[in-house]
Amino acid sequence: MKRSIYTGLLILLLSACTKDKDNGVGSNETNRLTYVIDDNKFNFSSFSTALGRTGYRAMLAQTGPYTVMIPDNNAFIKAGYSSTQQVLTESGDILNKLVSYHIVNGTWELNKLPFKFNQELSAVTGAKMFVTHWVKDADTVLTINGSPVLAYNLPASNGMIQVLNTVLQPLVHANLSAAISADTSLTFLNVALQQAGLKEQIGSTSAYTFFAPSNNAFRAAGFLTIDSINNTDPKILKDLLLYHFFSGRKFIYDYILTTGATDKTEQAMQNGNNIGITLLKDAEGVKYTGITIKGAGNKVAANVTKENFMAGNGVLHIVDQVLKENQ
C-alpha cells in the first residue's frame, strides 16, 4: 500500500511539471523542493511544519541542488509527534538539528549507489549518515541509518526527495563512550566500562557496534548496585563487556538484509566469540520487525529495547539482558 501511495505521488509530480510547461510557467520556480513538500501535506505535513520553523525552508527554495530525506507523517507519529501542533510546540533548537540532518548537498539517486552496506553521506552540517543498497528476497532495498526508504528519487527542479519510515536521529555525541555516559538508563554499564578500562577504546575514532545492557539488565544479572560493580574484579568486567561489542557499524536492519531463510545467524564479538541473532516477524509472519540476541550462556534471548542510536564512532543498541558466554 505504501509503495503505491508514493508511486502515485511520483506520477502527480511529473504531471505537475507537464502542466506548468503547458501554462508557460517555469518549472524551476513552481517545482522546487519547498513547493513539492508543501503540496503533499497528506504525507509530509509534519516535516513541512518542522521545516517552516527553521532557516532551511529558504535554503530549499534556492537553486541547490539538494537531496532531502523526508520522514513521512507516520514516521513523525512513531517519533512521538502525533500532530503538526506537537511539531509547532517543539523546541526550535531540536527542530533545527532534526531538519538539518535530513538535508544533503547535491543530487543523490540512492538506487544508483553500489550494492554495499553503510556508504557514508554528509548532511549539510557535516554530520554523517549511512546508506545501504542491497537485495533481499529478490527485492532491492535502500536504508539510511538502518531505516528503510519507502520511496526514492521523487523529483524537484532543484533536487530530489527520498521518503523514510523513520525520523533520523541527529548526531549528538562524538563517540559511544559519551553516548553511554549521557544515558541515565546505562549508568551501570558506564561504571563497568570505567572499571574495566574500556572507555578509551569505545571513545576512540574506531567504529564499533555496542549491544548495551540497561541498568535493569545488570540488576537481573546479579549486579544489584553500582557498588557491586565497583567491587568486581576489573578483569571479570572486561571479559564480560568484550562480549557486548564488535568493530564496525551495524544497524538492526543490516541483520535482516544479510540473514538467510532460517532467520538465524551469528555475530562475532570483540573477544572473538559469537552471539546468536534471530530475526523477528510480525503477527502475519510476513514483515521483519527486528531481532533478538542470545549469548551462549543465556537461557533465553535478549530483546533490543532501543535500536540504532547513532554516535560519531558507531551505533548503540540497548538490550534487556547482560550477555553471557557460560551458564
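1. Two strands count as paired if DSSP finds at least two bridges between them. Strands (E, at least two residues) and helices (H or I, at least four) are DSSP runs, numbered from the N terminus. By that rule, β11 pairs with strand β12 (residues 288–294): six bridges join them, and they run antiparallel. Gly276 stands opposite Lys294 in β12.

2. A note on the source. This is a predicted model, in which local features need pLDDT of at least 70 and side-chain atom pairs count only at pLDDT 80 or more, while totals for chains, interfaces and linings use all residues. Residues are numbered from 1 along each chain as its sequence is written, and side-chain values use heavy atoms, with hydrogens and water left out.

3. The turn comes next. β11 and β12 form a hairpin with six residues between them. Gly285, in that turn, has a positive phi of about 70°.

4. β11 also has a partner in strand β10 (residues 264–268). Five bridges join β10 to β11 (residues 274–281), again antiparallel. Ala268 stands opposite Asn274 in β11. This hairpin has five residues between the strands, and Gly272 takes a positive phi near 90°.

5. Seven strands form an open sheet, in the order β9-β8-β14-β13-β12-β11-β10, with mixed pairing. The edge strands are β9 (245–247) and β10, each pairing on one side only. β12 and strand β13 (residues 302–311) pair in the antiparallel sense over two bridges. Thr292 stands opposite Asn303 in β13.

6. Helix α14 (residues 234–241) has Leu237, Leu240 and Leu241 buried (under 20% relative accessible area, with a 1.4 Å probe and protein chains only; exposed is over 50%, partly exposed in between). They cover an arc of only 90° around the axis, which puts them on the same side of α14. The arc is that of the directions from the helix axis to the C-beta atoms. What covers the buried residues of α14 includes α10 (187–196), α12 (215–220), α13 (226–230) and β9.

7. The structure holds seven aromatic pairs. Rings of Phe, Tyr and Trp (its six-membered ring) pair if their centres lie within 6.5 Å; planes under 30 degrees apart count as stacked, over 60 as edge-to-face and the rest as tilted. Phe188 and Phe218 form a tilted pair, 6.4 Å centre to centre with 40° between the planes. Phe188 is in helix α10 and Phe218 in helix α12, 30 residues apart. Both Phe188 and Phe218 are buried. With Phe223 they form one aromatic cluster.

How values were computed:
Contact means heavy atoms within 4.5 Å.
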